[in-house]
Amino acid sequence: MSHFDTIVAPITGSARAAVAIVRLSGEDAWAIARRLFPALPPDAEPLRLYYGTFLHGDDGYLTLFASDRSYTAEPAVECSIHGSPVSVRALVEAAIGAGARMAEPGEFTQRAFLNGRIDLTQAEAVRDTIEAQTEAQLRMANWLREGELFRRLSELREELISLLTAVEASVDFSEEIGGLDRGLALTRLRQVAKGLAPLLESATFGRLLREGMRVALVGRPNAGKSSLLNKLLASERAIVSPVPGTTRDFVEESIDLDGLPVVLIDTAGLREVDDEVEAEGVRRSRLQMANADLALYLFDSSVGWTEADEAELEGLSIPYRVIATKIDLMKDASAVPGEHISTLTGAGIPALRQLVREFAGEMPEIVIAPRHQLPLGVAWQAVNEAMVTLRTDHPADLASVNLNEAIAALGEVTGETASPDVLHRIFHDFCIGK
């Protein structure tokens, strides 16, 4: 594979549709387009739609893009044809026959990055935009795609480069300019650390937003876990039965909770059993509970809170909320602990949804991706170590080691210093055509 090749791929979905778009990008894109689209005038202008019949027989529109206006920052062409998979395949094959090659996954976006059209955080945001399933995920992807994280990190990186220059100048030209103003340098470093802090703090919410907050529905048999799952999903996903031990393995389903993806995990009833299959279900339930972000511990309010319920919560290491179910069976629920719900009448369900959503917290102004957390943590640590050096009587040039480390770490996020392996992992996860 060469980045000097002209590449081609459909950039719309593979399913049958009313319209499909095939993109070419590379130095020979316009020349290949003329072979594919004989109706293109000799004096065709970029950013204009030309209608005609393509070489493979389908009719549609063709648009030329100059490198300064294209997605990839290369000469490009977009062909709009009928969305028949057969027609799309025929046009792609004709383009390959005319000198193009099939694009690799993510290669259009990779070229946009390599040609300086976007930075690495914006490239990742393209994938996040495509994969977004909730409004909150789309909002996060839009922030990143618009370059907000890149702008913030670039400002911090430029400040660190300026500080590094001041440190090195104070060492190399101390007789001419004097020593480093450590007080001023510390103030500037504190501002950099202050800029990094909210980004690192957003990592937890970022994980919840991308992967979904895992909420385990746990409790004793017949506590109403499967009924609650079905109610929240608005479908009969889990079997509901008065017979204890009906659920013998966990069931996972996802819901959109006011923009936040939530993975609900219905688990087997927690009790000591002799049945080998049910015992394995209980073991798996405890494992799911231990690995969840939040546990909703359900108990049957008509039976009441028992010592067995209390014992299940002892030593639980994750956050949990106690949920009293079947509250419609109670004449007086004032003494019943926990949040009150009834899956039969729907009482308390809106409040429970709000409780789960509020547990995740408010969406930060900007959210980093999991890949960003490690290098940003390295930058944070390096900045703090530089401050420790400047607060002591150690030579100021020792701080330059930490400053270089922080600068490189921030560059790894935005792409200036990212390794080829990192780039390969990022773009390998893209779909073909993007």
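**Close-up 1. The lining of the largest cavity, to which α13 contributes the largest share, three residues.** The model shown here is predicted, so that local features need pLDDT of at least 70 and side-chain atom pairs count only at pLDDT 80 or more, while totals for chains, interfaces and linings use all residues. Residues are numbered from 1 along each chain as its sequence is written, and side-chain values use heavy atoms, with hydrogens and water left out. The structure holds one cavity of 30 Å³ or more, and the largest cavity has a volume of about 40 Å³. On a 1 Å grid over the protein atoms alone, a cavity is a set of points where a 1.4 Å probe fits but cannot get out, and lining residues have an atom within 4 Å of a point; a volume is the space filled by probe spheres set on the points, which are joined across faces, edges and corners. The lining consists of Leu 232, Ile 255, Leu 257, Val 262, Leu 264, Leu 296, Leu 352, Arg 353 and Val 356. Two or more of these residues come from each of β8 (251-257), β9 (260-266) and α13 (349-360), where helices (H or I, at least four residues) and strands (E, at least two) are DSSP runs numbered from the N terminus. Eight lining residues are nonpolar, none is polar and one is charged (Ala, Val, Leu, Ile, Met, Phe, Trp, Tyr, Cys and Pro count as nonpolar, Asp, Glu, Lys and Arg as charged, and the others, Gly among them, as polar).

**Close-up 2. The packing of helix α4 (residues 120-131) on helix α16 (residues 420-428).** The two axes lie 10 Å apart at an angle of about 25°, which makes α4 roughly parallel to α16 (angles under 35 degrees count as roughly parallel, and those over 145 as roughly antiparallel). Axes are lines fitted to C-alpha atoms, for helices over the stretch in contact, and angles run from 0 to 180 degrees between N-to-C directions. From α4, Leu 120, Ala 123, Glu 124 and Arg 127 meet Leu 423, Ile 426 and Phe 427 of α16, contact meaning heavy atoms within 4.5 Å. Five residues of this contact are nonpolar, none is polar and two are charged.

**Close-up 3. The second largest pocket, with a volume of about 260 Å³.** A pocket is an open set of grid points with protein on both sides within 12 Å along at least five of seven lines. Of the 15 lining residues, Arg 127, Asp 128, Glu 131, Arg 210 and Pro 370 are the closest to the centre of the pocket. The helix α4 gives the most to this lining, with four residues, and the lining divides into six nonpolar, one polar and eight charged residues.

**Close-up 4. Helices α8 (residues 182-201) and α14, whose axes come within 10 Å.** These axes cross at roughly 160°, which makes α8 roughly antiparallel to α14.

Technical notes: Angles under 35 degrees count as roughly parallel, over 145 as roughly antiparallel, 65 to 115 as roughly perpendicular and the rest as oblique.
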